[in-house]
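Welcome! Try each task yourself before reading its solution.

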Amino acid sequence: MKYFKELDNVLTATFEFQNFQQALIFVNQVWNIAEISNHHPDIMLHDYKKVTVKSTTHDEWNMITDQDYAIAKLIESSYKK
């Protein structure tokens, strides 16, 4: 994976955009991926143009599972600078 890194049993990535609107569009793309995947990461929009996404599987005692890797791959593939 290019953007997501493992840190304390969480896959974490921060994506940067040119402006707030593009960051918010990405948040909505992540929401859509999460709904379709039925796996919901934490999403934080900050510094007006950055989005941090964190994924762990709560049902598996907050461990990284195949679901986390799968959603991370989908999220990365939807990121366009």
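**Exercise 1. A polar contact of Thr 52**

With which side chain does the side chain of Thr 52 make a polar contact? Keep in mind as you work that this is a predicted model.

*Solution.* Start by locating the residue: Thr 52 sits in strand E4. Next, check its surroundings. Thr 52 is buried, because its relative accessible area is 8% and buried means under 20%. Then look for the partner: the side chain of Thr 52 makes a polar contact with the side chain of His 46, at 2.7 Å. Finally, list the wider neighbourhood. Setting aside neighbours within four places in sequence, Thr 52 is in contact with Thr 12, Ala 13, Thr 14, Asp 42, Ile 43, Met 44 and His 46.

**Exercise 2. The other contacts of His 46**

Find the strand that holds His 46, and then follow the contacts of this residue.

*Solution.* His 46 belongs to strand E3. Its side chain also makes a polar contact with the side chain of Asp 47, at 3.3 Å. If neighbours within four places in sequence are left out, His 46 is in contact with Thr 14, Val 51 and Thr 52.

Now step on to Asp 47, which is placed in the loop between E3 and E4. Is Asp 47 buried or exposed? Asp 47 has 52% relative accessibility and therefore counts as exposed, since the cut-off for exposed is over 50%. For a sense of distance, take Glu 35: the C-alpha atoms of Asp 47 and Glu 35 are separated by 25 Å, with the two residues twelve apart along the chain.

**Exercise 3. Salt bridges**

How many salt bridges does a search of the whole structure find?

*Solution.* The search finds one. Its partners are Lys 49 and Glu 16, whose closest N and O atoms are 3.5 Å apart. Now place them on the chain: Lys 49 is in the loop between E3 and E4, while Glu 16 is in strand E2, so the pair, 33 residues apart, links distant parts of the chain.

**Exercise 4. The nonpolar core**

Which residues touch the most other members of the largest nonpolar core?

*Solution.* A general point comes before the details: in soluble globular proteins, nonpolar side chains tend to be buried together. Here, the largest nonpolar core has 18 residues, and those touching the most other members are Phe 4, Phe 15, Phe 17, Phe 26, Val 51, Val 53 and Ile 75. Next, ask which elements supply the core. Strand E2 (11-16), helix H1 (20-37), E4 and helix H2 (66-78) each give two or more residues, and H1 gives the most, with six.

To finish, zoom in on Phe 15. Not counting residues up to four places away in sequence, Phe 15 touches Tyr 3, Phe 4, Phe 26, Lys 49, Lys 50, Val 51, Val 53, Ile 75 and Tyr 79.

**Exercise 5. The loop between E4 and H2**

Explore this loop through Asp 59 and Thr 65.

*Solution.* Begin with Asp 59, which is located in the loop between E4 and H2. At 70% relative accessibility, Asp 59 counts as exposed. Its C-alpha atom is 13 Å from that of Asn 38, a residue 21 places away along the chain.

Thr 65 is also in the loop between E4 and H2. The C-alpha atoms of Thr 65 and Leu 11 are separated by 9.7 Å, and these residues are 54 apart along the chain. Leaving aside neighbours within four places in sequence, Thr 65 is in contact with Thr 57 and Glu 60.

Key:
Residues numbered from 1 in each chain as written. Predicted model: local features only at pLDDT ≥ 70, side-chain atom pairs only at ≥ 80, totals over all residues. Heavy atoms only, no water. Helix = DSSP H or I, 4+ residues; strand = E, 2+ residues; numbered from the N terminus. Polar contact = N/O pair within 3.5 Å; in protein donor to acceptor, adjacent residues only side chain to side chain. Contact = heavy atoms within 4.5 Å. Core = buried A, V, L, I, M, F, W, Y, C linked by side-chain atoms within 4.5 Å. Buried < 20%, exposed > 50% of the residue type's maximum accessible area, 1.4 Å probe, protein only. Salt bridge = Lys/Arg side-chain N within 4 Å of Asp/Glu carboxyl O.
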